[in-house]
Each structure stands twice: as structure tokens, then as C-alpha cells.
Amino acid sequence: MARVGLSTERLVRAGAELADEVGFEQVTVSELARRFDVKVASLYSHVRNSQDLKTRIALFALEELADLSADAVAGRAGKDALTSFANVYRDYAHAHPGRAAAARLRLDPETAAASAGVRQAQMMRAILRGYDLPEPDQTHAVRLLGSTFHGYASLEGAGGFSHSSPDSEESWTRILDALDTLLRNWPAPDRPTG
């Protein structure tokens, strides 16, 4: 019988908090059981194993991120939407490093298709429609933006920009300006000659 007060939702939320404290890779059912001062077996009625727990944390993080992004970009377009979306990602990575790592967990195709990651991608594509990017350029741009946001937040979180000038915030602003310029002037694909 499940211990009173324990629920899957409560365990996932506690797992997300644990990920922020110790790192996503360190999250296990055993560590979570220690946090609740219960036997590991008592958690198995809520999660199957550590991988299931990590998947649930990833889904939780994706949902949080999509909700924050939707609020940030509502009613915005162009550079304003791009900047708001990017700032949500960066701020989330700063405030919740373990959850941000969880949001990048590789999910099986069925789980990924049912996740809030789809909403996140749709929002990014909606922003890019404001730049009149057709396919497949839109996909290329999604990959560029995701790589830039993730890479910058990861390097910044690891202290990579703390030892030099200018300030990281200034660089971030300039990078977003550059991305906006690039998206407004997206290069045409090379056409085969001959």
C-alpha cells in the first residue's frame, strides 16, 4: 500500500527539485526515497524505476517551460516574440538547471509526440512565421535557435562567461539582435548549377 501523502505528482515535483539541487543525472528513486524517509519499494507504486522517474521529470519540465513560453510570447511578434521566448529559456535554465537538463532528455517518439515539447516547437515555428521563413528553412532556423539558446545557457550556467568582459547580459542582447537580423535576412538556399 502506498504511503499516505505520496503521489506520483508529489514525487515528480520533488524529483524536479532534487534535479535542480544535485543535477538531473544524479536523480534516482533511491535518492528520492531518502528525501521522503521511506523505503524505495514504497515509491514503486508511483514510478516504475529511475528511468520512469526521469521521464516524468522531463515531461514536467517541458510542461513548465511551454506554459512560461506561452505566457511570454502571447500578443508579441517578430523580435519582441523572439526575445521573450529566448529569455524564458535562459531564465528557466538559470533558475532550474536540473529541470532544464531534464527537458532535453531523449524521449521515445510516442512520449515525445504527446509531450509539451510539441507546444514549445509550435511556438517557435509561430515566431518564425513572422519572419516569413518557408520549409525547410523554418526547420533549419528552429535548430539554430535551439542550439543557440541551449548552448548559451549551458555555457553561462557553467561559468563560461564570468571571467571576461563584456558582461554576459550584454552579449546575450547582442546575440538576440544578431539572430533577429539573420532571420529577417535568411540566406536563400544554394541552387545547383548546370
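Contact is taken here to mean heavy atoms within 4.5 Å. The structure is a predicted model, in which local features need pLDDT of at least 70 and side-chain atom pairs count only at pLDDT 80 or more, whereas totals for chains, interfaces and linings use all residues. Residues are numbered from 1 along each chain as its sequence is written, and side-chain values use heavy atoms, with hydrogens and water left out.

The chain contains nine helices and zero strands, where helices (H or I, at least four residues) and strands (E, at least two) are DSSP runs numbered from the N terminus. Read along the sequence, the pattern is accordingly α-α-α-α-α-α-α-α-α. The C-alpha trace spans about 70 × 40 × 40 Å along its principal axes. Of the 194 residues in the chain, 39% are buried; a residue is called buried under 20% relative accessible area, exposed over 50%, and partly exposed in between, with a 1.4 Å probe and protein chains only. Among contacts between residues at least 6 apart in sequence, 68% join residues at least 24 apart.

The packing of helices H3 and H4 is considered next. Two packed helices are described by the angle between their axes and the distance between the axes. For H3 and H4 the angle is about 145° and the axes lie 9 Å apart, the axes being lines fitted to C-alpha atoms, for helices over the stretch in contact, and the angles running from 0 to 180 degrees between N-to-C directions. The crossing of H3 and H4 is right-handed; a crossing is left-handed if the near helix is turned anticlockwise from the far one by less than a right angle, and right-handed if clockwise. From H3, the residues Ala61, Glu64, Leu65, Leu68, Ser69, Ala72 and Val73 meet Ala81, Ser84, Phe85, Val88, Tyr89 and Tyr92 of H4.

Helix H4 has 18 residues, which should span 26 Å at 1.5 Å a residue, and its end C-alpha atoms are 26 Å apart, in agreement with that value; the expected span of a helix is 1.5 Å times one less than its number of residues. The buried residues of H4 are Ala81, Leu82, Ser84, Phe85, Ala86, Val88, Tyr89, Arg90, Tyr92 and Ala93, and what covers them includes H3, helix H5 (97–102), H7, H8 and H9. Within H4, Ser84 counts as buried because its relative accessibility is 12%. When residues up to four places away in sequence are not counted, Ser84 touches Ala72, Val73 and Arg76. The side chain of Ser84 also makes a polar contact with the side chain of Arg76 at 3.4 Å. A polar contact is a pair of N or O atoms within 3.5 Å; within protein, one must be able to donate a hydrogen and the other to accept it, and residues adjacent in sequence count only if both atoms are side-chain atoms.

Helix H7 (residues 117–129) has 13 residues and reaches 18 Å from its first C-alpha to its last, close to the 18 Å expected at 1.5 Å a residue. Its buried residues are Gln120, Met123, Met124, Ile127 and Leu128. These residues lie on the same side of H7, because they cover an arc of only 140° around the axis, the arc being that of the directions from the helix axis to the C-beta atoms. The buried residues of H7 pack against helix H3 (50–73), helix H4 (78–95), helix H8 (137–157) and helix H9 (168–184).

Several loop residues were also examined. Ser115, in the loop between helix H6 (109–113) and H7, is buried, with a relative accessible area of 9%. Apart from residues up to four places away in sequence, Ser115 touches Leu59, Leu62 and Leu107, while a polar atom of its side chain lies 2.8 Å from the backbone oxygen of Ala112.

In the loop between H7 and H8, Pro136 is joined to Glu135 by a cis peptide bond, with omega near 0°. A cis peptide bond also joins Ser165 and Pro166, with omega about 0°, and Pro166 is found in the loop between H8 and H9. Asp132, in the loop between H7 and H8, has a phi near 60°, a positive value in a residue other than glycine, and counts as exposed at 66% relative accessibility. Asp37, which is not a glycine either, has a positive phi of about 55°; Asp37 is placed in the loop between helix H2 (29–36) and H3 and is exposed, with a relative accessible area of 67%.
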